[in-house]
Amino acid sequence: MIDFLEKNVKTIFSYPGEQILPLYNEIENSSIKNIMVRDERGAGFMADGYARITNYIGVCLVTAGPGSTNLTTPIANAYKDNSSVLAITGRCQRKYIGKNYFQEINMDFLNFYKGYFVDKAEINYVANAFNDCLTNKKPVQLNIPADLYKEEAKDINTNAYIDINKGDNEDTLNDIKEITAKKPLFLIGQGIFGTLSYKEMLKISKILQKINCPIATTFPARGVINEKADNCIGLVGRRGDLKSLLEADKIINIGSSLSYNTYVESVREKLLSKTLNINLKLKNIKELKEFFENLSIENNNWITKNNNKFSPSGDYSNKINEIIENIPEDAVIVTDAGKHTVFTCLLKNCIIPRNIISSHSFGTMGFGLPASIGVKFGTIDFNIDREVVLISGDGGFLMNIEELQVVSEYDLKILMIVMKNNNLAEFCRIKNPNFNKIADAFGIDNCYIEKADDISSEIKNYLKKNKPLLIVVETENESLPKPNV
């Protein structure tokens, strides 16, 4: 198993335990970076962040019982957001399964999409789980009983199972040659990324900008086309534009699951009735280029782009805007769940894929910090030259604050910004600890800001260095604009 992992995985996020100790020790002595987290939730969220920025697989390893139950929320989050997280979990020896043994519990609860219970020492379990996870963009559990580590794998021909190019788009490409509509509109979701490499993902924008037709995106796909392009409408749905969707007489959907965040309740059935779904599972950028070159679209860019962006009006949104204005345009912004996410979404022009990474469909508090760590390791492993910026609320930041130890231990250059308004949305007020003293305890540089004018200089100083920084931004509470429903 370790041979397979070494060939296909650069980094694993893990927490040790009795039922996985043989594998954990092998990874420690292998070429794989083994990042020890401080809570299993952190391992799951880090693997998720890693998978999103790399468009590859993020791997986490945890023990049986409580180690695995702690993965429940991260794996549910990955399932809702279509993220390739491979969760390797421990189990007691096979003879004790189903009995009242230490940490023994049925672990099918992690199989939100799919799971493999490894009952034989055969490497195909691992390879098949790996392929399912990568090609279907869903989390997969690989549950391994402890006694199997003592057995020698019967099949060591791991290359025989690596075939992510099974199947093709030939039928789709041949069936759809022409789009006939007076007002066609392309809706692009993150499914368009397929199994493309990060460098290929960057090339999609130029292809889409040549299309003489309006293009809209879902939240996870923002930046697939530069939102400054003339034919880009930008985000549509609950926190975006609805007018263009309603005016179009044909919506050509590529890669969107059409969630309620995109097709909101009030107009959902109307939009579904005029939607053409194109299922492209791209293996290389050439396929996408050929698809659009061979596609006939009779009508021109019929819609006038709406440039009426949301403008900051209160203390909270003004400070978010100041942050966005001072970080690089192509920085990876990772958000937690809360008001900061909405304001970031409304104020940021996305120019590149994965400009914003959020818990889009699950709204998970505690996602931000560990996910940003996973993103950072992904940029390192795949030579992705982008700054990583975490924007978090005070409530969500506290939920996995122990992962600051990973930031400190590896001296990860992440700009971590905590918007401290002492409120959980409109639910209630909260009391916060001194975040700066906590950063001091972890040995992380930090500062405290009350005025928006001070944000610029702190970020500029950070960008000149190669070390992490925590900025605590004291801010007043501010109501959110009403979403489209």
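I began with R94, which is partly exposed, with a relative accessible area of 28%. I kept in mind throughout that I was reading a predicted model.

I then asked what R94 meets, and found that its side chain and that of D147 form a salt bridge, at 2.8 Å from N to O. This pair links distant parts of the chain, since R94 sits in the loop between β4 (85-91) and β5 (114-117), while D147 sits in the loop between β6 (140-145) and α7 (170-175), 53 residues apart. Of D147 I noted that it is buried, because its relative accessible area of 15% falls under the 20% cut-off.

Next I looked up K467 and saw that it forms a salt bridge with D445, where the closest N and O atoms are 3.2 Å apart. Here too the pair links distant parts of the chain: D445 belongs to strand β20 (residues 445-449), and K467 to the loop between α19 (455-464) and β21 (469-474), 22 residues apart. K467 counts as partly exposed at 33% relative accessibility, and D445 counts as partly exposed at 32%.

I turned to helix α12 (residues 285-293), in which K286 and E290 both lie, four residues apart, or about one turn of the helix. Their side chains meet in a salt bridge of 4.0 Å, N to O. I recorded K286 as exposed, with a relative accessible area of 56%, and E290 as partly exposed, with 31%.

How many salt bridges does a search of the whole structure find? I wrote down 18. I also noted that D48, R52 and D81 are linked in a network of salt bridges.

Key
Residues numbered from 1 in each chain as written. Predicted model: local features only at pLDDT ≥ 70, side-chain atom pairs only at ≥ 80, totals over all residues. Heavy atoms only, no water. Helix = DSSP H or I, 4+ residues; strand = E, 2+ residues; numbered from the N terminus. Buried < 20%, exposed > 50% of the residue type's maximum accessible area, 1.4 Å probe, protein only.
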